[in-house]
Number of protein chains: 4
Amino acid sequence: MKCGKAGATMSKPIEPFVHDIRVGWADCDPAMIAFTGRIPYFALESIDAWWEYFVGVNWYELNLDRDIGTPFVHMSLDFRTPVTPRHKLKCQVKLLKVGKSSLRFSVRGSQNGILCFEGEFVTVTVVAKTMRSQPSPPDLREILDLLVTVDE
Amino acid sequence: MKCGKAGATMSKPIEPFVHDIRVGWADCDPAMIAFTGRIPYFALESIDAWWEYFVGVNWYELNLDRDIGTPFVHMSLDFRTPVTPRHKLKCQVKLLKVGKSSLRFSVRGSQNGILCFEGEFVTVTVVAKTMRSQPSPPDLREILDLLVTVDE
Amino acid sequence: MKCGKAGATMSKPIEPFVHDIRVGWADCDPAMIAFTGRIPYFALESIDAWWEYFVGVNWYELNLDRDIGTPFVHMSLDFRTPVTPRHKLKCQVKLLKVGKSSLRFSVRGSQNGILCFEGEFVTVTVVAKTMRSQPSPPDLREILDLLVTVDE
Amino acid sequence: MKCGKAGATMSKPIEPFVHDIRVGWADCDPAMIAFTGRIPYFALESIDAWWEYFVGVNWYELNLDRDIGTPFVHMSLDFRTPVTPRHKLKCQVKLLKVGKSSLRFSVRGSQNGILCFEGEFVTVTVVAKTMRSQPSPPDLREILDLLVTVDE
């Protein structure tokens, strides 16, 4: 299986990628807002969806079908405004940097036009079965390089 | 209800606080390790347990019984070694700084003597019902000041 | 706030309601399938979405804005086929029965046309603040009666 | 690796097994009680702990080290009283029945002496890697037969 969307000529995306999340009752705590621990989940799901959309494989397929894992080595989050079930949570994902065997993403979550959180997330690329660090395979690297966005 | 352990004369704790977590099947993903998103949960649970142990009220009681909330404004985590169900996860919690209406914690999670993750977490103190920022009430402030640990 | 879709004349729905769920890496365990404990979450989210779609308020709004809670007293699930991230999870929700202060739902989850799980869920209606049982308010009862589906 | 506690002569347990769970802020929803979807998690964790205690391997070790999986085919739960963070949740696990390739468990969760929920859970035994049904290996079957409890 190759990465990339079948039959597509990849070109630099113009619009930032936004993943919509339905925030529900289950996500909320007795403060009536989404529990802090749910926010990293939302951000991670959005990065997973970014992979699916741009690379054509989600983490599950990347691990099981291509034996490539991308474990996280760092995350940092600032919480600006509480997240609630009253609006869709729109998570904008950008790939900020492609290193030899690392990737840096930013995720910004907004509801109703108001920034709720923003964070950065760094993964390393590994052989899924052994968890040994490896550079991204060339076909994957080619796609990733194209997807890097300068974060203004 | 007052904070602090009933009948206890508080004195500076000598040993760092360690909260034990049972990592299980439910915490793990197809990479056979605890899912990245679970790590913030483990850290947050440990801070909640820290409150319960030292202040005498957990977040639930603090919010419902004392109308004090401590929402998070920041978290930052570095993942050093994967967490698995093979060992207890020992989470060491330290209160690094007490601001006028903010608290900074560090959490370090280890398994079998090996550091798995470390992170910092900042909360602000609010009136639970209104989510308005407020300084910590004096009786609480007194306890918190006593609990600050210098992180070497 | 009244229940029901604004300006709509409610009539018996012809098509069963289906809620789509994105199953991801975070939902899966080391058996490479969605963890058993996630399935009730999927089913509950689908019932919450059913409320939002048909009644016009989700659980969060029902509790906070109308002071009506619907805690669960029973759930029963049969797991037919594992759920994975390879396909959308389509959850069909039916309201099977409206009692004086109880509701019985069925949820059937399918992926790629194959039934993955089916279950029944019973809630009681309470005053949210006090958790005291109460009959559904008339405007809500009217809508609910209309939505009952005979499960063939 | 063999199942069973090293060096132990297994004999029928006299006391029912009870697994303690710390219910926290993260488990609770805006109704100020543990979210319904968390209850199956608590029950499943308790069964996992039962395996660890009596058989000497938890689900993670059973799957990874012995290539045995025990996916669930059924669960049924009755919710009696809300679960909150005010008390330890004590989950009593009993193995009710050992079939050729199935196991039936009951789990009863109590807080402060009050029954909060009770449920039954059925698993089948499979080869973990292929998910094909298999009878329990003889050494495991021997232990399981010994652990069956009649539920009065």
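Of the 152 residues of chain A, 45% count as buried. A residue is buried if 20 or more other C-beta atoms, placed from the backbone, lie within 10 Å of its own; it is exposed if 12 or fewer do, and partly exposed in between. The model is predicted: local features need pLDDT of at least 70, side-chain atom pairs count only at pLDDT 80 or more, and totals for chains, interfaces and linings use all residues. Residues are numbered from 1 along each chain as its sequence is written, while chains are lettered from A and ligands numbered from 1 in the order in which they are written.

Chain A holds three helices and seven strands. Helices (H or I, at least four residues) and strands (E, at least two) are DSSP runs, numbered from the N terminus. Along the sequence, the pattern of chain A reads β-α-α-β-β-β-β-β-β-α. Among the contacts in chain A with a separation of 6 or more, 67% join residues 24 or more positions apart. Here, two residues are in contact if their C-beta atoms, placed from the backbone, lie within 7 Å.

Chain B meets chain A through 21 residues, and chain A contributes 21 residues in turn. On the side of chain B that touches chain A, α1 (38–55), α2 (59–66) and β3 (72–79) of chain B each supply at least two residues. The most comes from β3(B), with eight residues. By class, this side of chain B has 14 nonpolar, six polar and one charged residues. Ala, Val, Leu, Ile, Met, Phe, Trp, Tyr, Cys and Pro count as nonpolar; Asp, Glu, Lys and Arg count as charged; the others, Gly among them, count as polar.

Strand β3 (residues 72–79) of chain A is joined to β3(B) by five bridges, and the two run antiparallel. Two strands pair if DSSP finds at least two bridges between them. Within this pairing, Leu77(A) stands opposite Met75(B).

Chain C superposes on chain A by a rotation of 180 degrees with 0.0 Å of shift along its axis (RMSD 0.0 Å). That is the relation of a two-fold axis. Copies are superposed by least squares on the C-alpha atoms of residues with pLDDT of at least 70 in both. The contact takes 14 residues from chain C and 14 residues from chain A. On the chain C side, α1 (38–55) and α2 (59–66) each supply at least two residues. The largest share, four residues, is that of α1(C). The residues of this side divide into 10 nonpolar, two polar and two charged. The copies meet through the same surface, because 100% of the interface residues of chain C are also interface residues in chain A.
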